[in-house]
Amino acid sequence: MHTAELDKLHQSRWLHRLQKTTKRIDRLPNYQASGRIIRATGMVLEAVGLRVPLGSACQIEMARADGSIRSRFAEAEVVGFSGDHLYLMPLEELSGLAPGARVFPLGGRNSARRFPLGSSLLGRVLDGNGRPLDSKGPVDEAPHAPLATAPLNPLIRAPIDSPIDVGIRAINSLLTVGRGQRMGLFAGSGVGKSVLLGMMARYTQADIIVVGLIGERGREVQDFIDNILGPEGLKRAVVVAAPADTSPLQRLQGASYATRLAEDFRDQGLNVLLIMDSLTRYAMAQREIALAIGEPPATKGYPPSVFAKLPGLVERTGNGPKGGGSITAFYTVLTEGDDQQDPIADSARAILDGHIVLSRQLAESGHYPAIDIEASISRVMTSIIAPEQLQLAQQFKQLFSRYQRNRDLISVGAYSPGHDPMLDKAVQLYPQLEKFLQQRIDERASIDASLQALVAALRS
């Protein structure tokens, strides 16, 4: 090829590239919209000069601590507005914020923040923003998507028709959990809920485990990963941690992100176990945000938006369409002072498919797991187990309950056999019943083994 022809070819290529670049430039706006901060009160920033929808992400220009001319930026989210004033909630603690600081919307595809998803995240520990907390490198190559998803049509959900093995003898036999069920774990502080969750994480038959540690102590994050979940559990798990020292928005976001991860795996046809510790901290984070932007408190200081948010989060889990995947979810609910009538506990009971109550009295007596069988229930149990197992479970509960109601009389020696045949049998079998309910942390009990142990306890 002659030199003139080569020059002509190069010119043609450069002209084509120039035209493509010109088209991209033409699509860009002629200006960059920005607002400014006019007020900072507590956790909420007030901005003017912008028109962006709720939930949009923004960047706030901050002064550098070293006095450098170059600006740095902090991310925030639009959580409310009043007239032309926007209310922003930062995702982290702000330092260097000055009056009149500029605010830039993250427009285009980034107006709704996007988070990493997919199987490449297995074995990873992420924060509420989707950023790695471990030292295993970035997650930029993972597919990203917004947190918001369209609600599932309830008529296309697959029914809960099969039990799931959680490895806990008392739950498998007396409080059987179905695949796709949403269960609450109601407990005060220090009664062994984290240990019970860890046993479920290790022993439950699920393809993927998603753990959301929301609003808990930072020390517990490492402890849960190393000692409770363990290396084997972590291999098939994704952990999202938003401890108590993070902003309320990040705690709220962490719970939504953990749920979004579980939804993504369910959409791939996998059976997912979602463990969230705790639903109460999620509600408290929403309360902090709502009160900060001026929403009036209602029930025990919780604004109405809290009780609207809870079902919105919980209803995203469960079974997908028939033939697809499932999300079996366990949510811990903190009962302050062991008060089962706490507004969050009461609301959670209404929207979940059952609840497991942990008793402080049992925990203090060294009875682990400290499951209060009388106060606990699985709402789908009767439709997923055989009639024979249901009869055995009812017989166990009747005997156990009869003994508990007469415990004081038995303790002081006022009980005399021969007057109540059921109580006589309960007194005779109680040591076996109590032993049946206890289980070591390193002991796994399958569904079949649990039923065999149940039969043995009732026929001793």
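**Close-up 1. Helix H4 at the second largest pocket of the predicted model.** H4 contributes 6 residues to this lining, the most of any element. The second largest pocket has a volume of about 470 Å³. Its lining counts 27 residues, and those closest to the centre are Lys-193, Ser-194, Glu-216, Arg-217 and Glu-220. Helix H3 (193–203), helix H4 (218–235) and H6 each give two or more residues to the lining.

**Close-up 2. Residue classes around the second largest pocket.** Charged residues number 10 in this lining.

**Close-up 3. The largest pocket and its centre.** This pocket holds about 970 Å³ of space. It is lined by 37 residues. Closest to the centre are Leu-147, Ala-148, Ser-256, Lys-309 and Arg-316.

**Close-up 4. Elements that line the largest pocket.** Four elements each supply at least two lining residues: strand E4 (72–82), helix H5 (248–267), helix H6 (279–292) and helix H7 (304–314). H5 provides the largest share, with 8 residues.

**Close-up 5. Residue classes around the largest pocket.** The lining has 19 nonpolar residues. Another 11 are charged, and 7 are polar.

**Close-up 6. Helix H6 in both linings.** H6 spans 279–292 and supplies at least two residues to the lining of the largest pocket. H6 also gives two or more residues to the lining of the second largest pocket.

Note on methods. Residues numbered from 1 in each chain as written. Predicted model: local features only at pLDDT ≥ 70, side-chain atom pairs only at ≥ 80, totals over all residues. Heavy atoms only, no water. 1 Å grid on protein atoms, 1.4 Å probe; cavity = no way out; pocket = protein on both sides within 12 Å on 5 of 7 lines; lining within 4 Å. Points joined across faces, edges and corners; volume = space filled by probe spheres on them. Nonpolar A, V, L, I, M, F, W, Y, C, P; charged D, E, K, R; others polar.
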